[in-house]
Amino acid sequence: MSEREAEISRKLKRASQLLFFQRHRKPGLRGWELKKALGKDFMSIIDVLNSELDKLNLQVKAVFEDVEVTDKPSEEQLDRARFFITIKNPLTVSDIIASGLRIDDIAALASTIALIISRQGKAPRSDVEQILREKFPKWRVDMNLDRFIRNGYLLKDENNVLYIGWRARAEIDQKMLMELLLAK
């Protein structure tokens, strides 16, 4: 094995260790943390890791919290992005149930995200609560919304307006969710 291959192998192992094991409250790492641990060419290491994870139906996903990135992200955007490992293909219902989440909690999250999407990306918490309370008890609605905010699926501003959070953008295929909800 050449010196270059050994270095790539070492960095690949380091990247997988950093991404698989949660060190902060939020999963994953910022781009600047990966750059510090792996070097300036950390994106090439992430690409190699992605090809290895593909065999396991996993992928490294970069979530840009503050901005929409359509083409190739800039170095500054990559530094601020959050990288973490997620499932590559959508989960089946049996996969979701096996994960330990309650089906009614998943339904509440899907309903909340669909409502926010339908309102151009934001909705007052009171409106979301009112709609969810038609199907769920008040205590469960309050508990779920607080948990969704705490876990990063939703964001809340100072005016109690809810937005789709970084984790929902990373883990939920919003287009597929809307297609499934609107299907005949």
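What is the relative accessible area of Lys 156, and does that count as buried, partly exposed or exposed?

Modeller: Happy to! First, a word on the model: it is predicted, so local features need pLDDT of at least 70 and side-chain atom pairs count only at pLDDT 80 or more, while totals for chains, interfaces and linings use all residues. Residues are numbered from 1 along each chain as its sequence is written, and side-chain values use heavy atoms, with hydrogens and water left out.

Now to your residue. Lys 156 has a relative accessible area of 43%, so it is partly exposed; buried means under 20%, exposed over 50%, and partly exposed in between, with a 1.4 Å probe and protein chains only. Lys 156 is found in strand β5. Strands (E, at least two residues) and helices (H or I, at least four) are DSSP runs, numbered from the N terminus. Leaving aside residues up to four places away in sequence, Lys 156 touches Arg 125, Ile 149, Val 161 and Leu 162, where contact means heavy atoms within 4.5 Å. Arg 125 is 31 residues away along the chain, and its C-alpha atom is separated from that of Lys 156 by 8.3 Å.

Next comes the sheet around Lys 156. β5 belongs to an open sheet of three strands, in the order β4-β6-β5 and with antiparallel pairing; two strands pair if DSSP finds at least two bridges between them. β4 (122-124) and β5 (154-156) each have a single partner strand and stand at the edges, so one side of each is left without a neighbour in the sheet. On average, neighbouring strands of this sheet are turned by 30 degrees against each other, direction ignored. β4 pairs with β6 (residues 161-164) in the antiparallel sense over three bridges, and Ala 123 stands opposite Leu 162 in β6. Leu 162 is also one of the residues touched by Lys 156.

Follow β5 towards β6 and you come to Asn 160, which lies in the loop between these two strands. Asn 160 has a positive phi of about 60 degrees although it is not a glycine. Most residues other than glycine have a negative phi. With 37% relative accessibility, Asn 160 counts as partly exposed.

Helix α6 (residues 103-118) lies across β4, β5 and β6 and runs at about 100 degrees to β6. Helix α8 (residues 138-150) lies across β5 and β6, at about 95 degrees to β5. For such values, axes are lines fitted to C-alpha atoms, for helices over the stretch in contact, and angles run from 0 to 180 degrees between N-to-C directions.

α6 has another partner as well. Its axis and that of helix α10 (residues 174-182) come within 11 Å and cross at roughly 100 degrees. The two helices are therefore roughly perpendicular to each other, the class for 65 to 115 degrees; under 35 counts as roughly parallel, over 145 as roughly antiparallel, and the rest as oblique. At this contact, Ala 110, Ile 113, Ala 114 and Ile 117 in α6 meet Gln 174, Leu 177, Met 178 and Leu 181 in α10. By class, the contact has seven nonpolar residues, one polar and no charged ones. Here Ala, Val, Leu, Ile, Met, Phe, Trp, Tyr, Cys and Pro count as nonpolar, Asp, Glu, Lys and Arg as charged, and the others, Gly among them, as polar.

Finally, let us turn to the cores. Among the 19 residues of the largest nonpolar core, Leu 19, Leu 34, Phe 42, Leu 49, Val 60 and Phe 83 touch the most other members. A nonpolar core is a set of buried Ala, Val, Leu, Ile, Met, Phe, Trp, Tyr and Cys residues joined through side-chain atoms within 4.5 Å. At least two residues of this core come from each of α1 (3-20), α2 (31-38), α3 (42-53), β2 (58-63) and β3 (82-87). A second, separate core of 18 residues includes Ala 108, Ile 116, Leu 162 and Ala 168. That brings us back to Leu 162, which touches the Lys 156 you asked about.
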